Amino acid sequence: MGKLTTAQYIVICITLSVIVMFTSIASAQGTLQTIRGTVIDKQTKSTLPGVIVSIVGDNSKGAITDGSGQFSLSGIAPGRYDISFGSLGYNQYIAAGVEVTSGKQVVLDAQLEEGSKTLNEVVVRAGSKKHETLNELATISGRSFTMEEVNRYSGGRSDPSRLVANFAGVSAPDDSRNDIVVRGNSPTGVLWRIEGLNIPNPNHFSTLGTTGGSASALNTNILKNSDFLTSAFPAEYGNANAGVFDLGFRTGNTDKREHTIQLGALTGLEAMTEGPINKKKGSSYVLAYRYSFTGLAQQLGLTVGTASTPFYQDLSFKINSGESKFGRFTLFGLGGISKINIMHDDVDEDDIWGNPKRDSYMKSQIGLVGVKHFIRVGKKSYFNTVIGLTYAGTEQNIDSMGVSTPARVAEATMKQMRYSINTSFNTTISPKLFLKIGTIEELIAIDLFYRDRVSPPHDWVQIWNFNGRTSLLQGYIHAKYNITAKLTANFGIHSQWLTLNNSSSVEPRVALKYQLTDKSTLTAGFGMHSQMQPADTYFYQVKNKDGSVDRSNEDLGFTRSQHYVLGYEVLPFTNWRVKAEVYYQRLYHVPVSDTLSSYSMLNAGARSYYYNEQGQLNNSGTGFNYGAELTVEKFFSNGYYGLFTGSIYQSKYEGSDKIERNTAFNGRYVYNILTGKEWKIGKNRNNKFSVDLKITQAGGRYYTPVDYAASITNNREILKGGNAVYSAKNTGFFRLDLKAGATINSKSRNLSHAVFLDIQNVTNSQNVLVEQRYNPATQRVNTAYQIGVFPNFVYRLQF
């Protein structure tokens with residue numbers, strides 16, 4: 001089969017959407033389903049028996065949690081419901097807008113907070129609590145997000161990174177990768193954590209030292225509601241200066257087997273299965289596999305939109321043992337592989353990624369596996385321990401085609417294995433005081449090899465050649481104290497030690513929350529944070545005249561920062577929230593050059609596929625970020641939602657030359673507008689049709705112009721220096737995304753269809769990816785643009 005043009009692809013996507021949508025609507029009426037789950041105490045994590053669970057507005061549907069805190073509501077027609085949870089001594093909680101389909105049971109786990117002594121005295125609606133994190137120790141600059149939001153918002157590509165780019169203080173104006181910039185910081189400053197296990201990078205096509213990639217390896221069908229934090233983190237989080245993703249895999253259905261099949265133009269072909277292992281013990285499994293759409297198209301003989309086909313696949317799983325006298329054990333894991341070959345005869349001479357005189361081969365692998373153990377010690381205390389390992393490997397080779405036979409001009413192999421143990425003791429000392437103490441130990445095994453030459457037969461230049469180990473040890477203590485009924489304090493200390501060079505830090509953290517009124521809150525926070533450098537930086541090497549190797553960066557200490565945050569939040573109406581935050585971040589001990597230079601590690605990750613090739617560094621650099629953020633949110637209710645986030649900020653740094661410059665991530669402003677509407681359709685109004693809209697506009701980032709004469713002389717890109725560094729500014733980024741879809745519930749079986757057409761960049765805006773890049777093949781300076789209009793088709797079957 002031949003190459004599929006963009007126009008043909010759009011027509012096929014729209015046709016498939018219409019056919020599936022309307023043939024299903026014509027025949028479907030809906031069947032009944034079950035809502036089930038577990039209710040626990042948010043602080044002690046103990047299960048709560050005797051909790052009254054009911055559907056708001058329907059007195060005929062109700063249940064009471066059993067001795068294990070479990071409940072079940074059966075005979076529920078497809079639709080959206082508000083589910084109420086009430087118990088004596090706890091604030092009432094209402095989970096708003098819970099969607100029920102005929103294809104899958106709803107597993108709804110609730111966490112109740114101790115509060116009023118009379119049932120229903122205080123009502124806490126989920127809509128008004130979305131601003132709060134799942135982690136009860138995080139009180140500022142954080143928010144939880146649901147997998148429904150990840151899949152609902154237009155332009156999100158079922159990617160958690162692209163979802164949080166809609167939040168205030170976060171910017172990601174790059175269609176080619178999902179690296180995120182948090183409050184002007186480098187993307188390398190983000191910490192990823194899955195089920196308590198710290199991981200370097202959960203993305204396909206990732207490289208050492210980065211935290212993003214071209215496609216997420218996280219399958220949203222297996223993820224559960226999670227947290228995202230942007231500053232002044234609780235004491236349990238370390239080795240990060242920018243942000244924290246704290247994710248988890250959901251537990252498989254312990255009652256019945258269920259399955260999902262999904263096909264998406266960007267996410268690929270997916271299959272997931274889950275179900276009980278032993279119903280009596282409450283053990284279960286969930287397993288999800290994904291194969292890239294481009295790889296599938298290649299197998300069918302199609303080339304979709306590109307001459308170089310990116311290929312990836314991943315597998316995720318979680319096995320839950322259920323409760324026993326030895327506690328609860330969980331086995332979880334994720335594995336992914338990706339590759340792309342860019343051949344010289346398949347690319348245009350002005351292609352930014354390809355070179356008509358070179359072949360490029362890249363492949364990467366990621367993996368993690370862990371065992372999690374939870375055991376209770378008395379009624380008020382518990383231990384939580386995670387033991388696991390993570391792996392990240394990348395191999396890249398480049399061949400020059402400028403001679404009669406291909407000649408290798410670059411070779412790079414990067415492998416990193418981390419063996420980790422994260423354990424914590426959690427205890428409620430009194431109704432006012434909660435304490436968490438823990439340690440995190442990581443043994444890091446690193447294998448790096450990288451050499452290149454401009455063109456053969458020039459001599460090879462060795463950039464890395466290292467195989468060894470080091471360790472990062474972290475410890476913390478965190479206390480939450482309810483000073484009064486309105487004032488809560490979170491305070492703690494985090495410390496860490498890198499055995500490679502004995503770098504160490506002690507980092508105090510404090511956050512205060514004051515309930516001004518029933519609907520308004522004032523928060524303030526301060527935190528010191530530090531982070532080790534990317535592994536490739538430590539082991540950059542230069543060969544001395546006597547033949548010895550000099551690794552001049554091996555003694556670099558942590559990059560450090562101080563966060564100051566002040567926030568105000570008000571809930572003006574039911575299901576509405578307005579939040580404002582101002583912040584200042586001071587960065588210091590930043591690696592810069594020993595000689596007078598504009599270089600700073602704060603710009604790491606500005607060009608994602610470029611490795612660190614800078615030696616002779618020391619920790620004398622500085623930088624700062626400050627800004628103001630506003631969020632106005634209408635949570636989903638009455639069939640619609642709305643979200644506006646806006647940020648204005650500055651991000652500056654000083655290298656060893658002591659000249660203040662813009663960082664590579666100083667876009668100065670970004671705003672997002674999201675809205676969506678849902679309609680009930682079908683004879684019994686058990687199906688739905690939805691439309692979602694997203695508008696993003698961000699300021700252009702600063703860049704350093706190309707030194708054209710020097711680039712020609714050296715046959716490679718050379719950037720200008722001095723006052724020209726980060727002096728030019730890209731044009732602004734604008735994108736409009738539009739999504740329409742329908743969910744159809746079977747009238748006779750537990751089966752549902754969902755189909756979506758997400759048209760990204762509807763206006764076909766020409767957004768700049770790279771303003772200037774020198775192409776040695778053409779000896780020209782090119783401008784690279786991001787994707788134009790692109791339709792993302794998704795079909796999902798649940799049964």
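Which residues touch the most other members in the largest nonpolar core? Here are a few notes on that and other points.

1. A word on the basis first: this is a predicted model, where local features need pLDDT of at least 70, side-chain atom pairs count only at pLDDT 80 or more, and totals for chains, interfaces and linings use all residues. Residues are numbered from 1 along each chain as its sequence is written, and side-chain values use heavy atoms, leaving out hydrogens and water.

2. In the largest nonpolar core, of 37 residues, Phe 145, Ile 180, Phe 228 and Phe 245 touch the most other members. Strand β13 (residues 190–194) gives the most to this core, with three residues. A core here is a set of buried Ala, Val, Leu, Ile, Met, Phe, Trp, Tyr and Cys residues joined through side-chain atoms within 4.5 Å; buried means under 20% relative accessible area with a 1.4 Å probe, protein chains only. Strands are DSSP runs (E, at least two residues), numbered from the N terminus.

3. Apart from this core lies another, of 34 residues, among them Ile 444, Ile 446, Phe 665 and Val 725.

4. Have a look at strand β26 (residues 407–430): 20 bridges join β25 (residues 381–400) to it, antiparallel, and 20 bridges join β26 to β27 (residues 433–452), also antiparallel. Strands pair if DSSP finds at least two bridges between them. Tyr 391 has Met 417 of β26 as its bridge partner, while Glu 411 stands opposite Arg 451 in β27. A hairpin of two residues connects β26 to β27.

5. Gln 760, in strand β44 (residues 752–760), counts as buried because its relative accessibility is 0%.

Technical notes. Buried < 20%, exposed > 50% of the residue type's maximum accessible area, 1.4 Å probe, protein only. Helix = DSSP H or I, 4+ residues; strand = E, 2+ residues; numbered from the N terminus.
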